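Here are my notes for a colleague coming to this entry for the first time. Please read them with the model open.

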Amino acid sequence: MKKNNGKTFSCYALITLQFILGIGALFGGGALVLSPDGTLLHMPVDILNDSPFHSFLFPGLILFLVLGVYPVLIALSLIYEKPVHFAEWLNFDKDAFWAWSHSLYIGFILIIWITVQMYLIHDITLIHVVYIFIGLAIQVASFLPSVRKHYALL
């Protein structure tokens with residue numbers, strides 16, 4: 001990783017978005033795992049009637065791990081900028097720090113997750129719009145020139 005004068009406001013915005021997503025998904029996914037019938041989040045299980053799921057357990061696990069743990073780890077990696085060799089294997093841009101690429105992956109995963117969720121439950125709520133916006137904001141923040149420059153490798 002190249003050494004430079006520090007992170008820009010845009011870098012911290014990206015890190016903050018990752019933390020917001022991750023912490024929200026840890027709580028939401030954790031609540032669904034602890035209460036697969038949806039009672040902790042006041043979600044009726046019958047919204048899953050047209051989905052392949054009979055409870056919120058499996059969606060809760062995915063939410064907790066993929067959109068909770070993963071973004072928190074990426075946010076920490078964007079802060080500390082340490083190499084992780086197995087994560088580097090999935091880095092599509094070898095000229096950028098691996099966590100930058102993974103940040104983009106999280107944005108795409110979130111947008112796909114919310115889109116599939118809206119399709120399966122046949123509803124769009126304010127929370128869906130907010131999280132689609134967060135997914136798009138992660139994408140935009142990742143491509144800001146100051147972020148790209150900071151996470152570029154020499």
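**Notes on the fold and its core**

1. Start with Ile138. Leaving aside neighbours within four places in sequence, Ile138 is in contact with Leu14, Leu17, Gln18, Leu21, Ser103, Ile106 and Gly107. Contact here means heavy atoms within 4.5 Å.

2. A word on the basis. This is a predicted model, in which local features need pLDDT of at least 70 and side-chain atom pairs count only at pLDDT 80 or more, while totals for chains, interfaces and linings use all residues. Residues are numbered from 1 along each chain as its sequence is written, and side-chain values use heavy atoms, with hydrogens and water left out.

3. The overall layout is helical. The chain has six helices and zero strands. From the N terminus the order reads α-α-α-α-α-α. Helices (H or I, at least four residues) and strands (E, at least two) are DSSP runs, numbered from the N terminus. The C-alpha trace spans about 55 × 25 × 25 Å along its principal axes.

4. Next, burial and surface. Of the 154 residues in the chain, 40% are buried. Buried means under 20% relative accessible area, exposed over 50%, and partly exposed in between (1.4 Å probe, protein chains only). The accessible surface comes to about 8,800 Å², and carbon and sulfur atoms hold 74% of that. Areas come from the Shrake-Rupley method with a 1.4 Å probe; for residues, only the protein chains shown count as cover.

5. How far apart in sequence are the contacting residues? Among contacts between residues at least 6 apart, 69% join residues at least 24 apart.

6. Now the core. The largest nonpolar core has 33 residues, and Leu21, Leu78, Ile138 and Tyr151 have the most contacts inside it. H1, H2, H4 and helix H5 (126-143) each give two or more residues to this core. H4 supplies the largest share, nine residues. Such a core is a set of buried Ala, Val, Leu, Ile, Met, Phe, Trp, Tyr and Cys residues joined through side-chain atoms within 4.5 Å.

7. Look at Ile106 in helix H4. Is Ile106 buried or exposed? Ile106 counts as buried because its relative accessibility is 0%. Beyond its neighbours within four places in sequence, Ile106 is in contact with Gln18, Leu21, Leu67, Tyr70, Pro71, Ile74 and Ile138.

8. Helix H2 (residues 57-80) deserves a check. H2 has 24 residues and reaches 33 Å from its first C-alpha to its last, close to the 34 Å expected at 1.5 Å a residue. The expected span is 1.5 Å times one less than the number of residues. Among the buried residues of H2 are Leu63, Leu67, Pro71, Ile74 and Leu78. The buried residues of H2 pack against helix H1 (9-34) and helix H4 (98-121). An α-helix has 3.6 residues a turn, so residues three or four places apart point the same way.

9. Two loop residues call for a look at their backbone. His42 has a positive phi of about 55 degrees although it is not a glycine. His42 lies in the loop between H1 and H2. With a relative accessible area of 74%, His42 is exposed. Glu81 is found in the loop between H2 and helix H3 (85-88). Glu81 is buried, with a relative accessible area of 14%.
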